[in-house]
Amino acid sequence: MSAPPERLAAFGPIDGGLLPFTVDGQQYALDVPYDGRVLAGFATAGTWTALVPGCLHADYEAQFYDRLGDPHDKLGLRACHHIALGLSEEIFGVPWWAAARLSATVLESWRYFGAWAVSHNFDPSGAPAHRLMSAALAWVGSRVQDEKEARRVETEIFMPPKPMGKRRMKAMPGFSPAEQDAAFKAAMAALGGGG
Amino acid sequence: MATDFVLDADTGYDRNELPTVPIRVDGKVYTAHCPKDSLPVLMARLNDAEQIKADPGMPEHLVSQILLSIFDQDDADELMTRLLDMGERKVTLAYVIHVVRLVADHYETDLEAQYAEMGVDNPLRREEVPANRQARRAKKAATAAKKTAARKA
């Protein structure tokens with residue numbers, strides 16, 4: 001096996017590529033997709049197994065899967081869950097549950113998010129996951145009316161689930177297509193357009 | 001810098017934590033353990049045509065690991081030998097998967113609790129056949145009717 005991988009970007013989350021981690025001192029690495037929409041898809045569906053072990057770097061796959069298959073090894077799916085959640089902030093820039101909620105909200109209201117992104121010169125196509133999450137946070141932030149609502153929305157995004165939900169993360173209230181549609185119409189009416 | 005994860009020895013899989021279950025395979029009784037939570041990953045890889053094409057020896061290794069995930073080494077080796085025996089009629093790959101699913105069904109409650117902690121549905125749970133569902137509902141209704149009748153009497 002080659003030398004232990006080094007993470008090149010030392011500041012902030014990674015854009016994609018090699019993400020090294022160790023399990024009880026044993027070296028492993030993920031090969032993180034550069035297209036953040038792929039990762040946001042994992043988060044929306046709650047499939048952390050697509051990250052760990054799904055995104056393991058080819059050099060470490062065989063050994064990691066061997067350990068998963070060994071009934072006497074403590075490395076199982078519970079450990080994979082722990083690792084996926086532990087690496088989430090290095091990939092999404094936010095905790096796993098926040099990435100799941102933001103991704104679900106954006107996916108449900110893509111029309112509005114997409115329009116907002118274009119008007120802010122942000123291209124979600126091929127953007128790294130952490131940039132998508134930052135854009136989603138900015139878009140959500142742009143829709144709130146006052147500080148009280150901003151605090152409520154932030155809590156809804158970042159509050160850790162107790163216990164981890166079995167279901168897919170729901171989009172946040174206030175950001176459904178119908179609500180976004182109404183807000184859009186109101187904004188158009190205020191501008192005197194919208195026929 | 002790499003993030004370091006430390007596996008908690010107290011919360012990891014321990015095959016001796018739950019009581020074993022006897023299972024009859026072609027007339028012989030074997031002792032089965034509750035499978036490790038990563039068993040669905042092994043079963044999914046058994047269907048990964050791309051990986052199998054890259055490593056033709058992988059299916060045999062995976063089946064061996066699947067057997068080891070529920071049986072002790074000697075029993076797993078014996079069943080693997082029978083599986084690889086071309087003259088063997090009973091122990092086929094489909095039969096092994098069937099046996100694994102039967103064992104998983106036995107430990108369904110424990111496995112569901114384990115997977116729920118990880119925020120996922122039990123991947124080993126079988127889809128209920130509509131006919132079975134109807135039979136189960138009919139049985140439940142009959143039991144409820146019997147209880148009501150007994151209370152009225």
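How many bridges join β1(A) to strand β1 (residues 3-5) of chain B, and do these strands run parallel or antiparallel? In this predicted model, the two strands are parallel and are joined by 3 bridges. Within this pairing, Asp4(B) of β1(B) is the bridge partner of Thr22(A).

The contact between the two chains involves 28 residues of chain A and 27 residues of chain B. On the side of chain A that touches chain B, at least two residues are supplied by each of β1 (17-23), α2 (58-69) and α3 (77-91) of chain A. The largest share of this side, 9 residues, is contributed by α3(A). Classified by residue type, the side of chain A that touches chain B comprises 14 nonpolar, 8 polar and 6 charged residues.

The largest nonpolar core contains 76 residues, of which Ala99(A) and Ala136(A) touch the most other members. Helix α4 (residues 96-108) of chain A gives the most to this core, namely 8 residues. Both domain 1 (17-93) and domain 2 (98-190) of chain A are represented in the core, each with at least three residues. In soluble globular proteins, nonpolar side chains tend to be buried together.

When neighbours within four places in sequence are left aside, Ala99(A) is in contact with Ala43(A), Ser88(A), Phe92(A), Val94(A) and Met133(A).

Terms used:
Residues are numbered from 1 along each chain as its sequence is written. Chains are lettered from A and ligands numbered from 1 in the order in which they are written. This is a predicted model: local features need pLDDT of at least 70, side-chain atom pairs count only at pLDDT 80 or more; totals for chains, interfaces and linings use all residues. Two residues are in contact if their C-beta atoms, placed from the backbone, lie within 7 Å. Helices (H or I, at least four residues) and strands (E, at least two) are DSSP runs, numbered from the N terminus. Ala, Val, Leu, Ile, Met, Phe, Trp, Tyr, Cys and Pro count as nonpolar, Asp, Glu, Lys and Arg as charged, and the others, Gly among them, as polar. Two strands pair if DSSP finds at least two bridges between them. A nonpolar core is a set of buried Ala, Val, Leu, Ile, Met, Phe, Trp, Tyr and Cys residues joined through C-beta atoms within 7 Å. A residue is buried if 20 or more other C-beta atoms lie within 10 Å of its own, exposed if 12 or fewer, and partly exposed in between; C-beta atoms are placed from the backbone. Domain bounds come from an automatic or database domain assignment.
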